[in-house]
Amino acid sequence: MALESIQGVTEDLRARVLKRYRWIRDRIPLESGNYPYVTARVKAKRASLLPKETYDRLLLMGIPEIARFLGEREYKAEMLALGAKYSGVDLIENAVSRNLAETYNKIYDFSEGGLRAMIGRYLDRYDLENIKTIVRAKTYGAAAEDVAEDLVPAGSFSEEFLTQLVDAPSLDAVFRELEDTIYANALSILGKKPGDVSNWSDWEDLISRLYYAELLASIPTATDANRLMRQFVEREIDILNLKTLLRAWSAKAKFQREIFLDGGFEMTVDELHELVTLDKPNLIQGLQAYSFYEDIAAALEKVEETGIGVLIRRVEKVHLLGAARYAHLHPLSILPILDFIVLKDREATNIRLIARGKESGLPVETIRELLVV
């Protein structure tokens, strides 16, 4: 709509017309996007993910062998490009992060219409993690080159902009660049300036809540595609809240701030607040009301014996299985694309865990227990 061509209207009228236009647009049951093409491309990329049995081979390799193995496969371009600058674990981590960003950016680039917009909004979670990483690094005085290694520029913020933030002389300078984003708005909501913050946990939890609130608000349920994506995000919120619940319950921790996300598919924030206060028998009874319970029941039953980490990894596995199941049911929707994004991210995490575990001299069985495959 060429609002710019409307002459003689006030800014207020222009804003109201634009708001009305968006309201109508979001309710038109018209799907746009090249779903068959993108799902076919993603299906091909899914075939190149490391199969489960490959992790057993990687666990038996040393760092040079792992780097060589990855350099002969999907990560060849990144390993070659970065080989002169990095070596060992640093080379593996940087190549994996760059490959992750390149893969997601390609999917975004060959998507069109509403599908492209939805994928972009979902990938903005990498902005969230990148900004958290930069703020933490500034707080602890980490070297710029160390921070850059941990960034995955797969969201709306370009690599150049993130580098600009990393090189900024202070946190005040960082937040000046982030003006009018959820990151600066969160500080305003807390009523603080960067120099006033001694514990960034409140801010980190708040920007996560703002991100998911904006993500859900941007997915009106006018079309089947939107309804499927909205349900995927709501189920993802359930998984994140479940992990937070189990960690807080296990540690018997109490918080003065809100630690749960609004907008879950099955679990409300009020229900989560009640569950986190229960003893184990009542927690088990309370969780039986939710669809995921059977999948985590065995791990929850023996959590004192195995540790909370094993239970959390079981929850993450439930998320992967659920994403794959729904993607199979709707093969020409956005779900196979989101399923691939989740799987690719998990592959990157698993490779980093193996590389760092090997460098730290952890026993193979300890590293294996940390993987989610």
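Predicted model: local features only at pLDDT ≥ 70, side-chain atom pairs only at ≥ 80, totals over all residues.

Modeller: The expected span of a helix is 1.5 Å times one less than its number of residues. Helix α19 runs over residues 308–329 and has 22 residues. From its first C-alpha to its last it reaches 32 Å, close to the 32 Å expected at 1.5 Å a residue.

Next comes the question of which residues of α19 are buried. They are L311, I312, R313, V315, E316, K317, V318, H319, L320, G322, A323 and A327. A residue counts as buried when its relative accessible area is under 20%. Among the elements that cover these buried residues are α14 (224–251), α17 (293–301) and α18 (303–306). The cover also includes α20 and α21 (364–370). Three of these names, α14, α17 and α20, lead on to the rest of the account.

Take α20 next. Two packed helices are described by the angle between their axes and the distance between the axes. Helix α20 spans residues 335–359, and its axis comes within 11 Å of the axis of helix α7 (residues 113–123), with a crossing of roughly 25°. That angle makes α7 roughly parallel to α20, because angles under 35 degrees are counted that way. The crossing of these two helices is right-handed. On the α7 side the contact is made by L115, I119, Y122 and L123, and on the α20 side by I337, L338, I341 and V342. By class, the residues in this contact are eight nonpolar, no polar and no charged.

From α2, the residues V38, T39, V42, K45 and R46 meet P336, I337, D339, F340 and L343 of α20. This contact holds six nonpolar, one polar and three charged residues. I337 of α20 is listed in this contact and also in the contact with α7.

R356 lies in helix α20 and counts as partly exposed, at 29% relative accessibility. Leaving aside neighbours within four places in sequence, R356 is in contact with V89, D90 and E93. R356 and E93 are 263 residues apart along the chain, yet their C-alpha atoms are separated by 8.9 Å. A contrasting pair is K254 and L338, which are 84 residues apart along the chain and have C-alpha atoms separated by 34 Å. K254 lies in the loop between α14 and α15 (269–275), and at 79% relative accessibility it counts as exposed.

Helix α17 has a packing partner too. Its axis and that of helix α16 (residues 280–287) come within 10 Å and cross at roughly 165°. The two helices are therefore roughly antiparallel to each other, since the cut-off for that word is over 145 degrees. α16 passes α17 in a left-handed crossing. K280, L283, I284 and L287 of α16 make the contact with Y293, I296, L300 and E301 of α17. The residues of this contact are six nonpolar, no polar and two charged.

That leaves α14. N226 is found in this helix, α14, and is buried, with a relative accessible area of 12%. Not counting residues up to four places away in sequence, N226 touches M118, I219, P220 and T221.

In the loop between α14 and α15 lies K252, which counts as exposed at 71% relative accessibility. Most residues other than glycine have a negative phi. K252 is not a glycine, and it has a positive phi of about 50°. D180 is a further case, with phi near 70°. D180 is placed in the loop between α11 (171–177) and α12 (182–190), and at 68% relative accessibility it counts as exposed.

Definitions and conventions:
Residues numbered from 1 in each chain as written. Heavy atoms only, no water. Axes fitted to C-alpha atoms, helices over the stretch in contact; angles between N-to-C directions. Helix = DSSP H or I, 4+ residues; strand = E, 2+ residues; numbered from the N terminus. Parallel < 35°, antiparallel > 145°, perpendicular 65-115°, else oblique. Left-handed = near helix turned anticlockwise from the far one by under 90°. Contact = heavy atoms within 4.5 Å. Nonpolar A, V, L, I, M, F, W, Y, C, P; charged D, E, K, R; others polar. Buried < 20%, exposed > 50% of the residue type's maximum accessible area, 1.4 Å probe, protein only.
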